[in-house]
Amino acid sequence: MDIQLYQVDAFAERAFAGNPAAVCPLDRPLDAGVMQKIALENNLSETAFVVPRAGAGEYDLRWFTPGAEVDLCGHATLASAWVLFNRQGEQADKVSFHTRSGVLNVSRRADGMLVMDFPALPAKEVPLPEGFVEAIGKNPVKYLRAVKNAIAELAPRCLIVTAPGDGCDCASRYFAPQVGVNEDPVTGSAHCTIVPYWAKRLGKTEIHARQVSARGGDLYCRDLGARTEIAGSAVLVISGTLTLP
């Protein structure tokens, strides 16, 4: 069985920047165990699997890290939409992905940028967990808990670090060792939490965010209350065929 595979650098305007994701467009669903093995073989922070539904512009979408399936992923959603619009012949200006986090819409703009409509995941301030300061080597101004939080030995799964930006509204880094991603280059889903925080703190709805990993990437976001818009560019780096036995 041969499967098309694309590697796309998401939240990037040039190759070898942003966050690479593998995208596998499928005619029919694969077994979850097979998808997990493909994600491990790709060894990227995320591999996305896209299956068309009956309705025009409607797709099922699942995301796998090398270690686990995840509930929400921004950069692989952006990459999947880019592949559909630019390599799979999708004619609509909007696609709807049916996922474990509900329906996620992605629209294309005239300038080539893609805009994702995601749920907002605001965080609440909580006491620092034991061992946190030792884990990161700093005492944070605030510690807030959301769906995504904390580092390997600190429950539950991952850590977002964010601060005022230099040349942008805010900067961040993201760590998820428990799902096989020590540091994620650019994390769209984390901005479902980052954007509501900075929108409230800065008193504005338009947020230019930058993830300051080694590869780095820019996200152009808008706080809509219950939803968060996240826009970015993407670049195709690799296309090929994956052969399954």
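1. Basis. In this predicted model, local features need pLDDT of at least 70 and side-chain atom pairs count only at pLDDT 80 or more, whereas totals for chains, interfaces and linings use all residues. Residues are numbered from 1 along each chain as its sequence is written, and side-chain values use heavy atoms, with hydrogens and water left out.

2. Cores. A nonpolar core is here a set of buried Ala, Val, Leu, Ile, Met, Phe, Trp, Tyr and Cys residues joined through side-chain atoms within 4.5 Å, where buried means under 20% relative accessible area, exposed over 50% and partly exposed in between (1.4 Å probe, protein chains only). The largest such core holds 51 residues, and those with the most contacts inside it are F11, W63, V95, F97 and I230. Its largest share, eight residues, is supplied by helix α2 (residues 75–86); helices (H or I, at least four residues) and strands (E, at least two) are DSSP runs numbered from the N terminus. A second, separate core of 15 residues includes L5, I38, A39 and V51.

3. Helix α1. The buried residues of α1 (residues 32–42) are M35, Q36, I38 and A39. Seen down the helix axis, they fall within an arc of 160° (taken from the directions from the axis to the C-beta atoms), so they line one face of α1. The face turned away from this buried side carries the exposed residues K37, L40 and E41. At the start of α1, a side-chain oxygen of D31 reaches to within 2.8 Å of the backbone nitrogen of G33, and the helix is followed by N43, whose phi is positive, near 55°.

4. Cysteines. With a disulfide taken as a pair of cysteine sulfur atoms within 2.5 Å, the count comes to zero. C73, buried at a relative accessible area of 3%, has its nearest cysteine sulfur, that of C192, 11 Å away. The sulfur of C170 is 6.3 Å from the closest cysteine sulfur, in C168, which is too far for a bond.

5. Aromatic pairs. Rings of Phe, Tyr and Trp (its six-membered ring) pair if their centres lie within 6.5 Å, with planes under 30 degrees apart counted as stacked, over 60 as edge-to-face and the rest as tilted; the count is four pairs. Y59 and F97 form a tilted pair, 6.2 Å centre to centre with 50° between the planes, and this pair links distant parts of the chain, Y59 in strand β4 and F97 in strand β6 (residues 94–99), 38 residues apart. Y197 and W198 have ring centres 5.2 Å apart and planes at 85°, so their pair is edge-to-face; Y197 is partly exposed at 23% relative accessible area, while W198 is buried at 2%.

Definitions and conventions. A polar contact is a pair of N or O atoms within 3.5 Å; within protein, one must be able to donate a hydrogen and the other to accept it, and residues adjacent in sequence count only if both atoms are side-chain atoms.
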